[in-house]
Amino acid sequence: MPLLMIAAGSGISGIHATLQERLAWAKKGYEVGEAKLLFGLQNKNKDFIYQEALAEFQKEGILTDIVLAESRPDVGTKQYVQHYLMKGAFSQELKEIAAEERGIVLCGDWRMGQSVLFGVLPFLLPLPSGRKGGDISQLNSEALEAVFTEGKELVVALRENRTI
């Protein structure tokens, strides 16, 4: 299944593990689909961890696209992953996730995770009429738990063990 992966900081280690697994499946002859990554880091010239490994995944065809969001760039305006999503980045991929044609993997700290969840989940949640999309502030914790436990290809790995 195609994936949209979103990570910030050390959350990239979870993405690295996901890509390793997909590479192993691909080497066994399985179709894994494209994988796109939105990675938030402080500065690409100073702390781009796994840069070489990600380049190798691209060379192998396992990782198709990397977009970097720098919070402390040498030049330019600081960006966070949630800003990219709010500005419409990966809008097609989000539509595919809502249609259950693409999975999503989210790894990073709790604050980033919450920001992305509140920016991404509205595209995924069914409204009472059965349509996708909606305001997650109207959902109770049982509805959010269902999103994570029904196997809808939404995988959330946050560094802190908190429940939503």
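The protein chain has six helices and five strands. Both are DSSP runs numbered from the N terminus: H or I over at least four residues for helices, E over at least two for strands. This is a predicted model, where local features need pLDDT of at least 70, side-chain atom pairs count only at pLDDT 80 or more, and totals for chains, interfaces and linings use all residues. Residues are numbered from 1 along each chain as its sequence is written, and side-chain values use heavy atoms, with hydrogens and water left out.

**Overall fold**

- From the N terminus on, the element order is β-α-β-α-β-α-α-β-α-α-β.
- The protein chain has 164 residues, and buried ones make up 41% of them. Buried means under 20% relative accessible area, exposed means over 50%, and partly exposed lies in between (1.4 Å probe, protein chains only).
- Take the contacts between residues at least 6 apart in sequence: 68% of them join residues at least 24 apart. A contact means heavy atoms within 4.5 Å.

**Helix α1**

- Helix α1 covers residues 12-27, 16 residues in total. From first C-alpha to last it reaches 22 Å, close to the 22 Å expected at 1.5 Å a residue. The expected span is 1.5 Å times one less than the number of residues.
- Its buried residues are I12, I15, H16, T18, L19, R22 and L23. They sit on the same side of α1, because they cover an arc of only 160° around the axis. The arc is that of the directions from the helix axis to the C-beta atoms.
- An α-helix has 3.6 residues a turn, so residues three or four places apart point the same way.
- The cover over the buried residues of α1 includes β1 (3-8), β2 (35-41), α2 (51-60) and β4 (103-108).
- G29 follows α1 and has a positive phi, near 95°.

**Residues on α1**

- H16 belongs to helix α1. It counts as buried, at 13% relative accessibility. Leaving out residues up to four places away in sequence, H16 touches Y50, A53 and F57.
- T18 is also found in helix α1. T18 is buried, with a relative accessible area of 19%. Beyond its neighbours within four places in sequence, T18 is in contact with L3, M5 and V105.
- T18 and V105 are 87 residues apart along the chain, yet their C-alpha atoms are separated by 8.6 Å.

**Nonpolar cores**

- The largest nonpolar core has 19 residues. A nonpolar core is a set of buried Ala, Val, Leu, Ile, Met, Phe, Trp, Tyr and Cys residues joined through side-chain atoms within 4.5 Å.
- Those with the most contacts inside this core are M5, I15, L19, L37, L54 and L63. β1, α1, β2, α2 and β4 are the elements that give two or more residues to this core.
- L19 touches M5, A35, L54, F57, I62 and L63, not counting residues up to four places away in sequence.
- Another core, of 14 residues, lies apart from it; L38, V81, L94 and L106 are among its members.

**Largest pocket**

- The largest pocket has a volume of about 370 Å³. A pocket is an open set of points on a 1 Å grid over the protein atoms alone, where a 1.4 Å probe fits, with protein on both sides within 12 Å along at least five of seven lines. Grid points are joined across faces, edges and corners, and the volume is the space filled by probe spheres set on the points.
- It is lined by 18 residues, and the closest to its centre are A8, G9, S71, Y80 and D109. Lining residues have an atom within 4 Å of a point.
- The elements giving two or more residues to the lining are β2, α3 and α5 (110-124).

- Y50 lies in the loop between β2 and α2. Its phi is near 65°, a positive value in a residue other than glycine. Y50 is partly exposed, with a relative accessible area of 31%.
- Q79 is in the loop between β3 (65-70) and α3 (81-86). Q79 counts as buried, at 15% relative accessibility. Setting aside residues up to four places away in sequence, Q79 touches A69, E70, S71, Y84 and K87.
- M86 lies in helix α3 and counts as exposed, at 62% relative accessibility. The C-alpha atoms of M86 and V116 are separated by 9.1 Å, with the two residues 30 apart along the chain.
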